[in-house]
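This report describes a structure one part at a time. Please look at the sequence and the 3D view before reading on.

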Amino acid sequence: MTSLNDIRKILDNPDPRLTEQLAQQSAALTRQYFGRTIALYAPVYLSNYCSSHCTYCGFHSKNNIKRARLTPEQTEKEMRTLAQTGIENVLLLTGESYKATPVSYLKEAVVIAKKYFTGISIEVYPMEVQEYRELFEAGVDGVTVYQETYLRERYKEVHLEGKKSDYDYRYGTPERAGQAGVRQISIGILLGLSDDVAQDLHLLYEHLQFMEKNYPGVEYSVSFPRIRTIKGREFALSLVDDAAFIKIICLTRIHFPRVGINLSTRERPEIRDRAIHLGVTKMSAGSSTAVGGYEILEKTQQEPQFDISDHRSLNEIIAMLKTQNFDPVLTDWRPINNK
Amino acid sequence: MQNTISQIQDPLTIAGETFTSRFLLGTGKFKNKKDLADSIESSGSQIVTVALRRIDIETHEDNILQYIPKNIKLMVNTSGARNAKEAIRIAHLAKETTLSNWIKIEVINDSKYLLPDNVETIKATATLAAEGFVVLPYMSPDLYAARELVKAGASAVMPLGSLIGSNQGLKAKEFIRILIDEIDLPVIVDAGIGAPSQAAEAMEMGADAVLANTAVATAQNPALLAKAFRQAVEAGRLGYLSGLPSQKSDAHASSPLTGFLYEK
Amino acid sequence: MKLIVNGRDKQFDGLSLQTLIASVSKNPEHVIVELNSGIVKKDRWEQTQLKDGDRIELVTFVGGG
């Protein structure tokens, strides 16, 4: 694996030729291992109740926002509406609240989701192995959990309260999901949260290598959300410009040819449309990041977790992909039962 | 030959024992015992394999052990075993001599290709490792089987380079590479090594050691070839340690992907 | 008595395993003995008496890969 120093040098090097070289390598590898497929999914925010205080997040516990949690009926309405757009893979999200959205609540949501979607992932609070196992058997295929930053000091600075302030527990989450038999695991860092992107990236790679080695049957993907402002307050300690962002995607592809690379609607259309040529293999489409955002937003009057930059509908994204000669994949093969 | 610095600082460690030589020698098929003794010496090998066979009670043969210096580690192979049970039996017999508790598990139930049976090998490894043997299983390079062997308690894995006696070199190269990358035990390439260049190739790739037998035993000058193997294994190892520049594939001319980042 | 030694019938007039081994091997030091599927340790060769029909395997080290 590339050393930390070399990663730093690559990120710091302003030479456009280096960027191009990385991109060519990354593109070739992506073509080799993924063909021209781009997996599509959309998020459903079930609840923004949260007991953690992450300074950078729109949902954090000290933020004075309206809280909402979908009832089963509301969940069903949301999912039905989303499913009608054609989405088959759904990512269920909640804030970090065992109390407001316990495992039983999540399980209920999964059971509803199974009626409408063929692929179900969750991005919720870290939990124990048996809890992941329970959700896996209920129909969850994938678990997404980002360390946000792997630098301990910075992690402590931005995660002030609640379970999320426990760095090690969070770090061990992908492993617990693996132990539970979960088949898809997604990790990532919030770019810009720390002031040392190179080191964060290097530690992420180590984490991923560890997971690949010990849980080889799992399908991995990584995400690199770039931090957004909330209500005008700037939480980024470093600026990850477009060139660095592209380099990060390419470096990841080069190090991990088989790992999926995910790009959400945080990124603007120009970046998303280019990034699929360079290593990205998964994107969200037609997203809403507010609780009840698909069907009942008026009712919940919820604020989104982050501002979306790409507002294109699923059909628009699919059309774009096809004109670019990509193969949009709405659903993937999955086992009949999760056992 | 003097130890190079790399040998001093780069020992081969198996089951807690360290060795300076990364070339293992098999003792089968030698025309005469003198060739064997000379080859062991010129090879610099510190680990040699022997087999167990019924005594020929008609002719009183010299015992092969007379030709193997006492300080050399003996590894008894279970050749002849067609399944785990037979391999375990041979290991128990070998243990009686208390000369060594190192066992090379060789379970072959195929007289056409002489391919090892990974499944039976895993079973034998589990039993014998639990009994305290130092187990080095000879196997077909398969990642799942190698992982099972690690779990079963093997002290190394010995993937075949190509079919026994074929001298075809590293036909299984890419599969061996996977084991080198993924398995934390020493990887000793065994079988099919017919020339020093092939041994060097295995070592350059990152193999921990190489075992050869047929090539040396059937050479016109076994002791000389044994010396060549010794040098090849050392050269290959140094090549690996020095960090060979990776072979870059040609850059294909294709339209630029990142121009958009820099245009105004 | 008739013994089966290494798979072959053999007439034997001695009594103990030790005697048998001495008669067929120059280097009993590295001989391993299986008597009726059980290994007989070296220190017991003298005391082990053979009887008609015993199956004995005498093995030793040979060259091998």
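## A helix in chain B

In this predicted model, helix α4(B) has these buried residues: Asn118(B), Glu120(B), Thr121(B), Ile122(B), Lys123(B), Ala124(B), Thr125(B), Leu128(B) and Ala129(B). The cover over these buried residues includes α3 (84-95), β6 (102-105), β7 (134-139) and α5 (143-152) of chain B.

The length of the helix can be checked. Helix α4 of chain B runs over residues 118-130, which is 13 residues, and at 1.5 Å a residue it should span 18 Å. After α4(B) comes Gly132(B), which has a positive phi, near 105°.

## Chain A as a whole

Chain A contains 13 helices and 11 strands. Its C-alpha trace spans about 55 × 45 × 40 Å along the principal axes. A compact globule of 339 residues would have a radius of gyration near 20 Å, and the 19 Å of chain A agrees with this.

Of the 339 residues in chain A, 48% count as buried. Among contacts in chain A with a separation of 6 or more, 78% are between residues 24 or more positions apart.

In soluble globular proteins, nonpolar side chains tend to be buried together. Here the largest nonpolar core has 93 residues, and the ones that touch the most other members are Val90(A), Leu92(A), Ala113(A) and Ile249(A). Strand β1 (residues 37-47) of chain A gives the largest share of this core, eight residues.

Which residues does Ile249(A) touch, not counting residues up to four places away in sequence? They are Ser26(A), Phe224(A), Ile261(A), Ala275(A), Leu278(A), Gly279(A) and Val280(A). There is also a second, separate core of 89 residues, which includes Leu25(B), Ala81(B), Ile122(B) and Val233(B). Ile122(B) is also one of the buried residues of α4(B).

## Where the chains touch

How many residues does each chain give to the contact? Chain A gives 12 residues and chain B gives eight residues. On the side of chain A that touches chain B, the elements that give two or more residues are α2 (16-34) and α10 (242-255) of chain A. The largest share of that side, six residues, comes from α2(A).

By type, the residues on the side of chain A that touches chain B are six nonpolar, three polar and three charged.

Methods:
Residues numbered from 1 in each chain as written. Chains lettered and ligands numbered in written order. Predicted model: local features only at pLDDT ≥ 70, side-chain atom pairs only at ≥ 80, totals over all residues. Helix = DSSP H or I, 4+ residues; strand = E, 2+ residues; numbered from the N terminus. Rg over C-alpha atoms; globule rule 2.2 N^0.38 Å. Buried ≥ 20, exposed ≤ 12 C-beta atoms within 10 Å, placed from the backbone. Contact = placed C-beta atoms within 7 Å. Nonpolar A, V, L, I, M, F, W, Y, C, P; charged D, E, K, R; others polar. Expected span 1.5 Å × (residues − 1). Core = buried A, V, L, I, M, F, W, Y, C linked by C-beta atoms within 7 Å.
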